[in-house]
Amino acid sequence: MISDHFAPWLPQQGESPFVWSVLGGIAATTKRLRIGTGVTAPLHRMHPVTIAQAAATTAVMMPGRFFLGLGTGERLNEHVAGQRWPPAAERRTMLRDALGVIRDLLDGKTV
């Protein structure tokens, strides 16, 4: 799994890269490695439609080797968007809504 963090957990970890660019590099240079996000949050920093597009692109570049891990995020990485940080129950509802949009788009539906 690869982290979709804006900030590293610890200062010793340095900087966090943009996960979708890293996945493109991995796709271009490997043939057997199975990898996915663990976890990306389609709530604040990235819109669910953008996540669906990024995941679909990566899946095409890595046929059968990519998986998408989704979650509600954590303030450490999502506060950079400058939005109010909602309580856990609200984030879970937002995630359910985002999952519906992402699944529909990945299934080829118009949303």
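This section describes the helices, salt bridges and surface features of a predicted model.

Helix H2 spans residues 48–61. It has 14 residues and reaches 20 Å from its first C-alpha to its last. That is close to the 20 Å expected at 1.5 Å a residue. Pro48, Ile51, Ala52, Ala54, Ala55 and Thr58 are the buried residues of H2. They pack against helix H1 (19–29), strand E2 (66–67) and helix H4 (88–106).

Helix H4 has 19 residues. Its reach is 26 Å from first C-alpha to last, close to the 27 Å expected at 1.5 Å a residue. Arg91, Leu95, Ala98 and Ile102 are buried in this helix. Seen down the axis of H4, the buried residues fall within an arc of 70°, so they line one face of the helix. An α-helix has 3.6 residues a turn, so residues three or four places apart point the same way. Arg96, Asp97 and Arg103 lie on the other side of H4 and are exposed. The cover over the buried residues of H4 includes H2. After H4 comes Gly108, with a positive phi near 85°.

Four salt bridges were counted. One of them joins the side chains of Arg45 and Asp4, at 3.5 Å from N to O. This pair links distant parts of the chain. Arg45 is in the loop between E1 and H2, and Asp4 is in the segment before H1, 41 residues apart. Asp4 is buried, because its relative accessible area of 5% is under the 20% cut-off. Beyond its sequence neighbours up to four places away, Asp4 touches Val19, Trp20, Val39, Thr40, Ala41 and Arg45. A network of salt bridges links Asp4, Arg45 and Glu78.

Val39, one of the contacts of Asp4, lies in the loop between strand E1 (35–36) and H2. A cis peptide bond joins Val39 to Gly38, with omega about 10°.

Arg84 and Glu90 also form a salt bridge through their side chains, at 2.6 Å from N to O. Arg84 is exposed, with a relative accessible area of 55%. Asp104 is partly exposed, with a relative accessible area of 29%. Lys109 is partly exposed as well, with a value of 47%.

Ala81 sits in the loop between helix H3 (75–78) and H4. This residue is partly exposed, with a relative accessible area of 36%. Neighbours within four places in sequence aside, Ala81 is in contact with His44 and Arg45. Ala81 and Thr50 are 31 residues apart in sequence. In space they are 15 Å apart, C-alpha to C-alpha.

A nonpolar patch on the surface is formed by Trp9, Leu10 and Leu76. Together these residues have about 310 Å² of accessible area. Leu76 belongs to helix H3. It is partly exposed, with a relative accessible area of 33%. This value is over the 30% that patch membership requires.

Notes: Residues numbered from 1 in each chain as written. Predicted model: local features only at pLDDT ≥ 70, side-chain atom pairs only at ≥ 80, totals over all residues. Heavy atoms only, no water. Helix = DSSP H or I, 4+ residues; strand = E, 2+ residues; numbered from the N terminus. Expected span 1.5 Å × (residues − 1). Buried < 20%, exposed > 50% of the residue type's maximum accessible area, 1.4 Å probe, protein only. Contact = heavy atoms within 4.5 Å. Arc of directions from axis to C-beta. Patch = residues over 30% accessible without salt bridge, like charges linked within 9 Å, V, L, I, M, F, W, Y side chains within 5 Å. Areas by Shrake-Rupley, 256 points an atom, 1.4 Å probe, with all protein chains shown as cover.
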